[in-house]
Amino acid sequence: MRDGDMARADNVTSEEAAQITAHLERIETMVRETNGRVREIELWRARLQGVAATSRIIWMVAGGTITAVIIAIATRGQA
């Protein structure tokens with residue numbers, strides 16, 4: 001703190017101190033709520049990434065299966 005800030009801090013009334021304390025409590029509450037929301041969003045993002053990875057694997061397997069079926073049909077037609 002600078003000297004002027006210290007002088008100002010010494011002259012804070014009890015009403016101002018109570019008001020500052022109330023504001024700080026509200027800020028702390030807002031920070032906790034925000035952190036909770038961020039954590040929830042991160043969990044959803046992780047779930048969606050897991051679903052996307054699973055979906056890609058399923059599409060790869062399905063693509064391989066479809067390719068195998070097409071090859072089997074094509075080779076039976078030639079035999």
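How many aromatic pairs does the count come to? The count comes to zero, where rings of Phe, Tyr and Trp (its six-membered ring) pair if their centres lie within 6.5 Å, and planes under 30 degrees apart count as stacked, over 60 as edge-to-face and the rest as tilted. The model is predicted: local features need pLDDT of at least 70, side-chain atom pairs count only at pLDDT 80 or more, and totals for chains, interfaces and linings use all residues. Residues are numbered from 1 along each chain as its sequence is written, and side-chain values use heavy atoms, with hydrogens and water left out.

The chain holds two helices and zero strands, taken as DSSP runs numbered from the N terminus (helices H or I, at least four residues; strands E, at least two). Of its 79 residues, 0% count as buried (under 20% relative accessible area; exposed is over 50%, partly exposed in between; 1.4 Å probe, protein chains only). The accessible surface is about 7300 Å², 63% of it belonging to carbon and sulfur atoms (Shrake-Rupley method, 1.4 Å probe; for residues, only the protein chains shown count as cover).

Val 12, Ile 20, Leu 24, Ile 27 and Val 31 make a nonpolar surface patch of about 400 Å². Such a patch joins nonpolar side chains (Val, Leu, Ile, Met, Phe, Trp, Tyr) within 5 Å, from residues with over 30% relative accessible area and no salt bridge; like charges are joined within 9 Å. Ile 20 lies in helix α2 (residues 14-78) and counts as partly exposed because its relative accessibility is 44%.

One salt bridge is present (a side-chain nitrogen of Lys or Arg within 4 Å of a carboxyl oxygen of Asp or Glu). It joins Arg 37 and Glu 33 at 4.0 Å, N to O; both lie in helix α2, four residues apart, about one turn of the helix.
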